[in-house]
Amino acid sequence: QTVNLFPVVNGMSGDVYGTELSGETQLTNWWKLKGYVSWIQMLLSTDQGVANLGLAPALEAAVPDYTGYLQSSFDLPHEFKFDTILRYSDTARTVPLYWELDLVLSKTIKDWEISLVGQNLLDDHHPEVANGTTATEVQRGGYIKVTREF
């Protein structure tokens, strides 16, 4: 019987660094803001003796340099809540820069929370996740979510 061994090596070295700034503030007893912005930089290279297939620059380009979001949360009368989430992502590989908006209206009834959610409301579709040489299209959507805490 013949056994074939296939060595697996990473074959890459590099540095990944960045920073993230986040914060949250309670503006009033019924209005809260929170958000973050991040910056990341990848500097990768193929190790000596390993075939350079162009993976390092492809991986570097797959991650956006800047991302962020701002969330505004309102506690409304009668146990209603209203959240708006504005998201941002810089250009990455096959994914162009985009801004998106999500809205969530929730109502709490005893241990249950019922939410009406709208996602990606600024554009009917946009590429969001890079996989290989293409990007996954994310469409505008909406749904009802029911959650119970116990």
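Strands (E, at least two residues) and helices (H or I, at least four residues) are DSSP runs, numbered from the N terminus. The model is a predicted one, in which local features need pLDDT of at least 70 and side-chain atom pairs count only at pLDDT 80 or more, while totals for chains, interfaces and linings use all residues. Residues are numbered from 1 along each chain as its sequence is written, and side-chain values use heavy atoms, with hydrogens and water left out.

**Largest pocket**

- A pocket is an open set of points on a 1 Å grid over the protein atoms alone, with protein on both sides within 12 Å along at least five of seven lines; a 1.4 Å probe fits at the points of a cavity but cannot get out, and lining residues have an atom within 4 Å of a point.
- The volume of the largest pocket is about 180 Å³, a volume being the space filled by probe spheres set on the points, with grid points joined across faces, edges and corners.
- Its lining consists of Gln26, Trp30, Lys32, Lys34, Gln71, Ser73, Phe74, Asp75, Lys81, Asp83, Ser106 and Glu113.
- Two or more of these residues come from each of β2 (31–46), β3 (66–76) and β4 (80–89), and β3 gives the most, with four residues.
- The lining has six charged residues (Asp, Glu, Lys and Arg count as such), two nonpolar and four polar; Ala, Val, Leu, Ile, Met, Phe, Trp, Tyr, Cys and Pro count as nonpolar, and the others, Gly among them, as polar.

- Thr67 belongs to strand β3 and is buried, with a relative accessible area of 17% (buried means under 20%, exposed over 50% and partly exposed in between, with a 1.4 Å probe and protein chains only).
- The side chain of Thr67 makes polar contacts with the side chains of Ser38 (2.7 Å) and Tyr36 (3.2 Å); such a contact is a pair of N or O atoms within 3.5 Å, where within protein one must be able to donate a hydrogen and the other to accept it, and residues adjacent in sequence count only if both atoms are side-chain atoms.
- Leaving aside residues up to four places away in sequence, Thr67 touches Tyr36, Val37, Ser38, Tyr88 and Ser89 (heavy atoms within 4.5 Å).

**Salt bridges**

- The whole structure holds two salt bridges, each defined by a side-chain nitrogen of Lys or Arg within 4 Å of a carboxyl oxygen of Asp or Glu.
- Glu24 and Lys32 pair through their side chains at 3.7 Å, N to O; Glu24 is exposed at 54% relative accessibility, and Lys32 is partly exposed at 27%.
- Asp102 and Arg87 form a salt bridge, with their closest N and O atoms 3.2 Å apart.
- Because Asp102 lies in strand β5 (residues 98–109) and Arg87 in strand β4, this pair ties together parts that are 15 residues apart in sequence.
- Asp102 is buried, with a relative accessible area of 10%.
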